[in-house]
Amino acid sequence: KSSESSSGDAEDQVTADRISRNLASFDPSKEAAPRDEDGELILRRREVHSGRAISVSTVEWSVADKMAKPTSALEGYMWDKETEVDRFRERVPLQNLVSQCKLYNLDPSKPKPRDFLGPLKDIVNGGDRFVILPECKRMEPSSGSLRKRYNVEKIVKDLTLAGARAISVNCDPVLFGGALDDITLAREAAQKAAVLESTDEGAVAPPIIASDLVLYPYQLYKLRLAGADAVRLVAGALEPKDLLYLTKIAQSLQMQSFLSVSSEKQLQSLVSLSPGSISAVVVSNRMLEDFSFDESGEQALQLLRSDSMKDFKAKHEGVPIFVEGRVAMIQRESSDGTKCAANYIKELKDAGAFGAFVAGGLADGEKSVEESWQTLCDA
């Protein structure tokens, strides 16, 4: 066991070192990242083979130079993700992948997509409970490993046995140390744990949502084959036409789409999408320029209370709003002087949030993951 432990620690350290190098290469150094008149990051997409970068919005070539440097963490993240997808495509072309998906869906032995949001709505069931959605995540770019040893199967098993109705899995290898296989491992672990707790109604395993930086339909097909029931899309990395296209592809694969936003402009871009194309919105405390967090928690609160949110709710009636980013770690002071995370959760709930994705808050070294999750659920 000690050799396995040492091997796991060494693997985590190698992953952490690689992510640190990635972030260093994304660092805009002495200059702030360029932004448009609305305050949004100006992002260039990269032609992987040529090393050139291209502006998303104006379609103008930048300097055709393999030494081109990303101007923000998000832009660099996108470039690395494009390289990752390009390598996948070289092994399995899109046409072949689509065919694999069709055969997969026709195979009665393969797991079918499940309703991800339904079990979470059942928790609330007309009441005022705040849903804590646990997320399995190996690392945070800004802080490194979240726990000494990351075992997605054990975490999912423990959460399932503790009563989690749905689980998020971060499968991105670029900044978060995840892997596509984590989705499959999580789904299988949830199913096995559910069988242990099965009743006369049968085993009910929690559905899995994949958290990744999705830029291409190709990635959605890969996630569906891995067993994802739903997917999170980062609105700040996508043009409105791409959001429209990706949500349509996700619908065709029977995967629900959760769209993450970190600004009012991003939230406004969701208003134009067709009702029914978005299953949920996730307002984020993450700062996309360097992938740190707004440690005050104000970013999410301002978005929840914004006019853009009112416009969104008017167009997409009944779509639940989640929050992510230090939710279980941000401590706010109440009127009686008490300072704790429960106060922040209450503020989010009062501002209209349905629930929150929580990852780092479950990595309490003194408590098991299921104890940490249950404590937050009871807050």
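1. The crossing of helices α5 and α13 is right-handed. A crossing gets that label if the near helix is turned clockwise from the far one by less than a right angle, and left-handed if anticlockwise. The axes of α5 (residues 152-162) and α13 (residues 369-378) come within 9 Å and cross at roughly 45 degrees. Axes here are lines fitted to C-alpha atoms, for helices over the stretch in contact, and angles run from 0 to 180 degrees between N-to-C directions. The two helices are therefore oblique to each other. On this scale, angles under 35 degrees are roughly parallel, over 145 roughly antiparallel, 65 to 115 roughly perpendicular, and the rest oblique.

2. A word on the source. This is a predicted model, in which local features need pLDDT of at least 70 and side-chain atom pairs count only at pLDDT 80 or more, while totals for chains, interfaces and linings use all residues. Residues are numbered from 1 along each chain as its sequence is written, and side-chain values use heavy atoms, with hydrogens and water left out.

3. Which residues meet between α5 and α13? From α5 come Ile155, Asp158, Leu159 and Ala162; from α13 come Val369, Glu370, Trp373 and Gln374. Contact means heavy atoms within 4.5 Å. These residues divide into 5 nonpolar, 1 polar and 2 charged. Ala, Val, Leu, Ile, Met, Phe, Trp, Tyr, Cys and Pro count as nonpolar; Asp, Glu, Lys and Arg as charged; the others, Gly among them, as polar.

4. On the α3 side, the residues are Leu94, Leu97, Val98, Gln100, Cys101, Tyr104 and Asn105. They meet Tyr218, Tyr221, Lys222, Arg224 and Leu225 of α7. By class, this contact has 8 nonpolar, 2 polar and 2 charged residues. An α-helix has 3.6 residues a turn, so residues three or four places apart point the same way.

5. Now the whole chain. Its secondary structure comes to 13 helices and 16 strands. Both are DSSP runs, numbered from the N terminus: helices are H or I with at least four residues, strands E with at least two. Of the 379 residues, 52% count as buried. Buried means under 20% relative accessible area, exposed over 50%, and partly exposed in between (1.4 Å probe, protein chains only). Among contacts with a separation of 6 or more, 70% join residues 24 or more positions apart.

6. A closed barrel of 8 strands runs β3-β6-β7-β8-β9-β10-β13-β16, with parallel pairing. The twist averages 30 degrees from one strand to the next. Two strands pair if DSSP finds at least two bridges between them.

7. Follow strand β13 (residues 321-324) within that barrel. On one side, 4 bridges join β13 to β10 (residues 280-284), running parallel. Valine 282 stands opposite phenylalanine 322 there. β13 also pairs with β16 (residues 355-358), again in the parallel sense, over 3 bridges. In that pairing, phenylalanine 322 stands opposite glycine 355, and glutamate 324 has phenylalanine 357 as its bridge partner. Ile321 and Val323 point one way from β13, Phe322 and Glu324 the other way. Are these residues buried or exposed? All are buried.

8. Helix α4 (residues 117-124) has these buried residues: Leu117, Gly118, Pro119, Leu120 and Val124. They pack against β3 (131-136), β9 (256-261) and β13. Just after α4, asparagine 125 takes a positive phi of about 45 degrees.

9. Two more backbone angles deserve a look. Most residues other than glycine have a negative phi, and most peptide bonds are trans. Phenylalanine 291 has a positive phi near 65 degrees. Phenylalanine 291 lies in the loop between β11 (286-287) and β12 (292-293), and is buried, with a relative accessible area of 4%. Arginine 326 also has a positive phi, of about 65 degrees. Arginine 326 sits in the loop between β13 and β14 (332-333). At 18% relative accessibility, arginine 326 counts as buried.

10. Where is lysine 349? Lysine 349 is in helix α12 (residues 341-350). At 32% relative accessibility, lysine 349 counts as partly exposed. Leaving aside its neighbours within four places in sequence, lysine 349 is in contact with Asp128 and Phe130. Lysine 349 and valine 323 are 26 residues apart in sequence and 9.8 Å apart in space, C-alpha to C-alpha.
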